[in-house]
Amino acid sequence: MNYGYFDGARKEYVITRPDTPSPWANYLGSPEYGAIISNNAGGYSFAKSGANGRIIRYRFNSVAVDQPGRYVYIKDNETGEYWSGSWAPVCKPLDSYKSECRHGTAYSVISSEYKKIRTEVAYYVPLGASYEVWAAKVTNNDSVPRKLSVTGYCEFVNDNNYEQDQINLQYTLFITRTYFRDNFILQKQNEVFKNPDTDRFLGLAKGKVDAYCGDRDAFVGAYRSYANPKGIEEGLKGDLNYNTNSCGALQSDIVLQPGETKELTYVMGQRPEAVAKEIIAKYEADGVVEAELAELTNYWHSKLDNFQVNTPDEDFNNMVNTWNAYNCFITFTWSRAASFQYCGLRNGYGYRDTVQDIQGIIHLAPEMAKKQIIFMLSAQVTNGAGLPLVKYTHTAGKENHPDENDPDTVYAKETGHPSYRADDALWLFPTIYKYISESGDVAFLDEEILYANDDEKGTVYDHLKRAISFSMNNLGNHGMPAGLHADWNDCLRLGKKGESTFVAFQLVYAIKKLREYAVIKNDTEYVAYLDEIQAKLKGILDNCWNEDRWIRGYMEDGTVIGQRTDPEANMWLNPQSWAVISGFSSQEQATLSMDSVDRELNTPYGAMVMYPPYFNHGFDGALMQCFNKCTKENAGIFSQPQGWLILAEALLGHGNRAYRYWKEAAPATYNDNAENRVLEPYVYGQFVEGKDSPFAGRAHVHWLTGTASTVMVGTVEGILGMRPNADGLSINPSIPSEWTEYEINKTFRGKKLHITVKNPSKKESGVEKLIVNGKEIAGCFVNAAELSDTNEIEVIM
């Protein structure tokens with residue numbers, strides 16, 4: 001079933017049926033002020049932290065679903081009938097209520113028409129602002145005048161901390177009260193402390209407030225809901241909260257002549273009373289909303305325009321040009337902090353998650369990526385490990401530095417402490433390599449950055465060397481990196497001295513990349529050291545080959561995990577793809593292992609993370625067995641590894657297979673089957689249920705997932721073949737043979753590249769000829785020094 005479509009020209013997803021299988025969301029704002037909004041205006045807002053900065057409430061996993069939110073109610077004062085500008089919460093019959101939601105880049109516009117009254121509400125956070133705007137327009141499409149009451153509504157939290165607000169009710173129900181101030185509701189928390197930073201407000205500009213309410217229970221009424229609130233049925237009575245729950249409700253009584261439109265602009269946020277008054281006053285002027293929306297759109301589109309494709313596949317174009325890219329930016333910004341599944345309790349940046357997330361935006365905004373890389377390098381301790389969970393500190397002199405003293409930070413000071421993850425710091429290598437290669441900023445290697453647990457500084461090059469040292473100082477019984485607390489798969493605990501082939505292949509990759517930099521720096525002694533440990537690793541990893549696959553690793557007692565003869569979990573995805581990505585697999589091993597993946601793990605919805613699922617033959621460290629079969633890490637289609645699979649097949653030149661895996665994973669390909677996928681068809685989720693599930697193909701945990709970055713890398717570097725290094729750009733596509741021609745517009749180190757790829761022989765890979773600004777070049781590499789400000793590049797396959 002189809003609920004909407006992609007508008008590629010406007011970079012929007014347009015929802016035409018509001019009764020979507022789940023709330024289909026969008027993100028507004030910036031790190032200073034974040035907001036998530038569904039296609040029915042459900043959602044919540046927060047200042048800086050999803051855990052400790054909540055402003056308005058949202059009830060997770062509740063019935064009714066997706067409530068409360070940012071509502072605009074319309075009431076016909078002649079008939080008494082009322083509805084909402086978004087289909088929910090009132091939910092009028094869809095044969096008479098028409099609705100459309102346009103999710104764009106950091107804005108959403110929800111429009112509807114009912115009984116010849118059209119409403120349109122644009123929701124956004126102005127660029128750089130710490131409040132949000134709901135710009136409503138109400139139009140009379142009738143032939144007679146209409147008398148209406150329009151009410152903007154939100155439900156405030158009583159405490160910024162999510163848990164305190166929802167659970168510690170014996171305290172939080174008695175700390176707030178609301179006031180009415182001319183054109184806004186003001187909520188004060190712990191008023192005696194006179195802390196204006198916790199003042200919350202909902203105000204109205206470009207309209208008159210004829211009635212108001214600041215008490216949620218008075219607004220909704222006993223034994224009612226947001227579908228039939230007493231305050232809308234009977235009109236607002238001026239109730240204000242004292243010792244219960246707060247809300248903001250502002251009613252405007254208007255008369256609309258035939259064809260007339262009136263604007264009502266609601267402003268909501270958490271700012272001191274005097275500041276709130278100034279903010280609201282700004283929106284009395286004409287044109288402010290239009291100018292801010294244009295500025296917001298231009299900002300985001302300018303980022304996305306740094307890489308645009310035009311291929312024969314519109315789903316591919318929509319994902320690469322807009323939605324996969326925007327998904328990457330949102331995950332880069334909010335990590336795993338706030339969504340409709342992440343309630344905000346994970347208050348910080350996971351090390352591996354964040355370092356991987358950076359990769360997805362490097363080709364679009366390398367300057368943003370660099371800033372976050374520096375932050376994550378400063379979250380590395382002197383022994384080379386990364387802090388598992390990282391938060392910003394506000395200590396003078398250490399701004400934008402991890403806060404090692406925060407009680408919410410999992411902090412480990414001693415080498416080999418079990419809370420360290422074996423893989424965390426190894427993710428620095430692909431991320432830093434991609435940044436330097438995209439930007440050409442080789443000097444970054446010499447920048448000095450503080451370590452997390454000391455005032456000691458080290459160059460970026462030194463940080464990378466210490467990451468290698470951490471792995472080499474924590475080896476298991478076979479000489480591979482020890483499992484410590486976990487590797488990428490937090491549900492696989494092999495023991496402190498257990499060993500992961502996945503991490504070993506990451507180390508192989510890291511050594512190769514660091515060796516390139518050691519050569520650049522003429523660090524001959526270190527080059528020799530890297531060559532020595534790489535040779536040792538080869539001898540050890542050769543023993544991990546098991547006929548047609550790489551094993552998953554060794555438990556602390558030496559038990560092999562992932563042998564082909566094991567009754568369960570005998571085939572694992574990540575060792576196969578990373579053996580290729582690291583360059584370790586021979587051609588024969590790569591062919592055999594990737595064929596095994598296709599045969600034993602692949603499904604119509606992507607490749608399962610392993611198979612068969614654990615059920616009868618698990619072990620204490622196989623934590624995934626707590627999940628149902630083919631769910632999450634227990635043989636579910638964990639979505640993040642799909643990007644590595646795409647990349648691996650592309651590196652092997654298997655364009656058809658890489659593209660098939662891309663289509664299986666891409667949300668856009670399920671737009672006409674959305675009722676089965678359930679999640680938004682424009683963003684990635686954490687996992688999809690595998691083939692043994694009765695709901696195979698159903699996706700879960702939207703937006704905030706490393707899938708966005710891994711698939712973007714697999715697509716851009718793998719399928720499209722954009723593979724830069726410090727000297728320039730290699731263009732080496734691995735595409736479906738059916739594509740005979742496509743175009744790329746790319747910004748590379750400030751230069752504009754228009755790339756036309758022609759494939760007259762319908763090949764999957766292999767470049768026959770490269771023409772740069774009319775000059776034929778041998779091979780597929782373009783030296784950055786030879787590029788002009790604007791460039792025409794033709795690739796013949």
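Predicted model: local features only at pLDDT ≥ 70, side-chain atom pairs only at ≥ 80, totals over all residues.
Residues are numbered from 1 along each chain as its sequence is written. Local features need pLDDT of at least 70, side-chain atom pairs count only at pLDDT 80 or more, totals for chains, interfaces and linings use all residues, and side-chain values use heavy atoms, without hydrogens and water.

Two packed helices are described by the angle between their axes and the distance between the axes. Helix H7 spans residues 314–334, and helix H19 spans residues 707–719. Helices (H or I, at least four residues) and strands (E, at least two) are DSSP runs, numbered from the N terminus. The axes of H7 and H19 come within 9 Å and cross at roughly 140°. H7 is therefore oblique to H19. Axes are lines fitted to C-alpha atoms, for helices over the stretch in contact, and angles run from 0 to 180 degrees between N-to-C directions. Angles under 35 degrees count as roughly parallel, over 145 as roughly antiparallel, 65 to 115 as roughly perpendicular and the rest as oblique.

Most residues other than glycine have a negative phi, and most peptide bonds are trans. A cis bond joins Ala88 and Pro89, with omega about 15°. Pro89 sits in the loop between strands E7 (82–84) and E8 (98–103). Cys91 lies in the loop between E7 and E8. Its phi is positive, about 60°, although Cys91 is not a glycine. Cys91 is partly exposed, at 36% relative accessible area. Buried means under 20%, exposed over 50%, and partly exposed in between (1.4 Å probe, protein chains only). Asn190 also has a positive phi, near 45°. Asn190 counts as buried, at 18% relative accessibility.
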